[in-house]
Amino acid sequence: MFRTLNTLMRGAAARQEEALVDRFAVDLLDQKVRDCETNLRAAKATLAALISRHRTEQRQLEAVNDRLSDMTARAEEALKAGAEDLVLKAAQAIAELENERDTRQKAVESVTARVERMRDSLDRAHRRVVDLRQAAMLARATDQERKAQKRFSNTITRTSDMTEAEELVERIMGQRDPFEEDEILSEIDADLTGKTARDDLAAAGYGPKLKTSAEDVIARLKAKQDK
């Protein structure tokens, strides 16, 4: 039971971690790039120190070679002159200088190899950081585009808002136009005024009658009886 609960808890924690990484992936990527740039600067500083050491070792080796050349030349002159006691001392000094030369030569070669290896590693790391920086820029642009598309999709898919907006448009377009109503009322008034004058003229006997009166009906009935 405990193992099952432990497994479930670890699974839930892993899902939460993955969700957190997905949510802040771009921010995490930017931070990783900054960390890589910091490490790259530290590597450059280490390489600079190593190059400085290489130059120091090279100068010391050159100094030993100069002393060795000078001591060898002096020993040869002493040997020609037959100063064997001085030649012996010179030979001992030459032996020590040769041993020091060999040691410093190995040190220079070792540092030279380390400098070359570190230069290669630093060059590869620099290219990778440049690629990561460009990839981070692309990822940031892609993430912004994805978020914008998501906001756009959310806006488009809100059918209730769009339906309400369409209903408001129909309601606004369906409202009565007060200017049009005024024009219609004016037309009605003008028409009524014209009809009233016509009726008055017809009632006075000017022109044909417009309406049938009760007197007209009685006269028509009497005319039928007379026939």
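What share of the 227 residues in the protein is buried? Buried residues make up 11% of them. The model on screen is predicted, and the tour below goes from the whole chain to single residues.

**Whole protein**

Start with a cartoon view of everything. There are six helices and zero strands, so that the order from the N terminus reads α-α-α-α-α-α. Switch to a surface view: the accessible surface comes to about 18,900 Å², and carbon and sulfur atoms account for 55% of that surface. For the contacts, take residues at least 6 apart in sequence; 76% of the contacts between them join residues at least 24 apart. Eight salt bridges are counted in the model.

**Stop 1**

Select Asp30, which is found in helix H2, residues 25-81. Is Asp30 buried or exposed? Its relative accessible area is 15%, under the 20% limit, and therefore Asp30 is buried. Show the residues around Asp30: beyond those up to four places away in sequence, Asp30 touches Ala136 and Arg140.

Arg140 and Asp30 form a salt bridge, with 2.7 Å between the closest N and O atoms. Arg140 lies in helix H3 (residues 84-156) and Asp30 in helix H2, so the pair ties together parts that are 110 residues apart in sequence.

**Stop 2: Glu57 and Arg104**

Move to Glu57 and Arg104. Their side chains meet in a salt bridge, at 3.8 Å from N to O. Because Glu57 lies in helix H2 and Arg104 in helix H3, this pair ties together parts that are 47 residues apart in sequence. Glu57 counts as buried at 15% relative accessibility. Arg104, at 22%, counts as partly exposed.

**Stop 3: Arg67 and Glu100**

Next, select Arg67 and Glu100. What joins the side chains of Arg67 and Glu100? They meet in a salt bridge, and the N to O distance is 3.5 Å. Here too distant parts of the chain are linked: Arg67 is in helix H2 and Glu100 is in helix H3, 33 residues apart. Arg67 has a relative accessible area of 41% and is partly exposed. Glu100 is also partly exposed, with a relative accessibility of 26%.

Keep this pair selected and bring back the pair from the previous stop. Glu57, Arg67, Glu100 and Arg104 are linked in a network of salt bridges.

**Stop 4: Ala78**

Finish at Ala78, whose place is in helix H2. Ala78 counts as buried, with 15% relative accessibility. Which residues are in contact with Ala78, once its neighbours within four places in sequence are left aside? They are Ala83, Leu86 and Val87.

Terms used
Residues numbered from 1 in each chain as written. Predicted model: local features only at pLDDT ≥ 70, side-chain atom pairs only at ≥ 80, totals over all residues. Heavy atoms only, no water. Helix = DSSP H or I, 4+ residues; strand = E, 2+ residues; numbered from the N terminus. Buried < 20%, exposed > 50% of the residue type's maximum accessible area, 1.4 Å probe, protein only. Contact = heavy atoms within 4.5 Å. Areas by Shrake-Rupley, 256 points an atom, 1.4 Å probe, with all protein chains shown as cover. Salt bridge = Lys/Arg side-chain N within 4 Å of Asp/Glu carboxyl O.
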